[in-house]
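Here are my notes on this model, as numbered points. Please read them with the structure open.

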Amino acid sequence: MKRLATTLSSWSRNQFGDIYAKVKDSEEEVRQAENNLINMNSNENRSKLHAINAEYIRYLKMEDVILRQKTQLQWFKEGDMKSKYFHAMIRGRRRKLYIHRIQNEGGSWVQGDAEIAEVACEHFQQMFTGEEKYIQKKALQCIPHMVTDKENEQLQALPSIEELKTVVFAMNPNSAAGPDGMNGKFFQNILGYHQGRPS
């Protein structure tokens, strides 16, 4: 998944470049094409304007998708992406998700990406490699059995493909990307693509 994310990112940069810059450039091209059509009303200028307009709309749709993913807003409406509030939401989410400092085992605050990463690694390494503690089975006999053997088997069983499909399609397609860099829309498209093919 990491290799796929890196490949897709490189492909996007090579194929589309900076979408925000493309939108601004396309706006200027549309304005120029409109002026040309006003000055000289010909079929050639009209065709050029239609072609540039189509390209401009394509870049606007790409920008729309990117902004939806960045804000994760369910109430996204046409025109919101141009408002100050909309861009403030993007900046607010970035600030909220960023870890500025972390407290170490001694209670001191640590700042800086490298120092925070080191403290976090030490914490979880200590958590998972601590001294072994054994559970006394006699104490467990006093706890009543609330889960039947059949229910226990179902809980331990791997989820079926149908259960996975239900969960994936219930996800917000514009959800934040996970550690693998993919959002809900990516997995929904993958499952939707494979649904029409024999397993």
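1. Start with the pair Lys165 and Glu162. Lys165 makes a salt bridge with Glu162, and their closest N and O atoms are 3.8 Å apart. This is a predicted model, and the distance is computed from it. The pair counts because the cut-off for a salt bridge is 4 Å between the side-chain nitrogen and a carboxyl oxygen.

2. Where do Lys165 and Glu162 sit relative to each other? Both belong to helix 8 (residues 161-170). They are three residues apart, so about one helical turn separates them. Lys165 counts as buried because its relative accessibility is 18%, and the cut-off for buried is under 20%.

3. How many salt bridges does the structure hold? The number is four. Side chains of opposite charge can pair when their charged atoms come close.

4. Another of these is in helix 2. The side chains of Arg31 and Glu28 form a salt bridge, at 2.7 Å from N to O. Arg31 and Glu28 are three residues apart in helix 2, so they are separated by about one helical turn. Arg31 is partly exposed, with a relative accessible area of 42%. Glu28 is partly exposed too, at 43% relative accessibility.

5. Helix 3 holds a further pair. Arg58 and Glu55 form a salt bridge, with the closest N and O atoms 2.8 Å apart. Both residues lie in helix 3 (residues 43-71), three residues apart, about one turn of the helix. Arg58 is partly exposed, with a relative accessible area of 36%. Glu55 is partly exposed at 32%.

6. Back to helix 2 (residues 19-39), which also contains Ser26. Is Ser26 buried or exposed? Ser26 counts as buried, because its relative accessibility is 4%. Leaving aside neighbours within four places in sequence, Ser26 is in contact with Ile52, Tyr56 and Tyr59.

7. Now look at strand 1 (residues 101-103), where Ile102 is found. Ile102 counts as partly exposed, at 24% relative accessibility. Which residues does Ile102 touch, not counting those up to four places away in sequence? They are Ser108, Trp109, Val110, Ile116 and Val119. Ile102 and Val119 are 17 residues apart along the chain, and their C-alpha atoms are separated by 7.9 Å.

8. Last, confidence. The chain has a mean pLDDT of 77, and 76% of its residues reach 70 or more. Among the elements of the chain, helix 7 (residues 149-156) has the highest mean pLDDT, 89. Helix 4 (residues 84-97) has the lowest, 59.

Key. Residues are numbered from 1 along each chain as its sequence is written. This is a predicted model: local features need pLDDT of at least 70, side-chain atom pairs count only at pLDDT 80 or more; totals for chains, interfaces and linings use all residues. Side-chain values use heavy atoms; hydrogens and water are left out. Helices (H or I, at least four residues) and strands (E, at least two) are DSSP runs, numbered from the N terminus. Buried means under 20% relative accessible area, exposed over 50%, partly exposed in between (1.4 Å probe, protein chains only). Contact means heavy atoms within 4.5 Å. pLDDT is the predictor's confidence in each residue, from 0 to 100.
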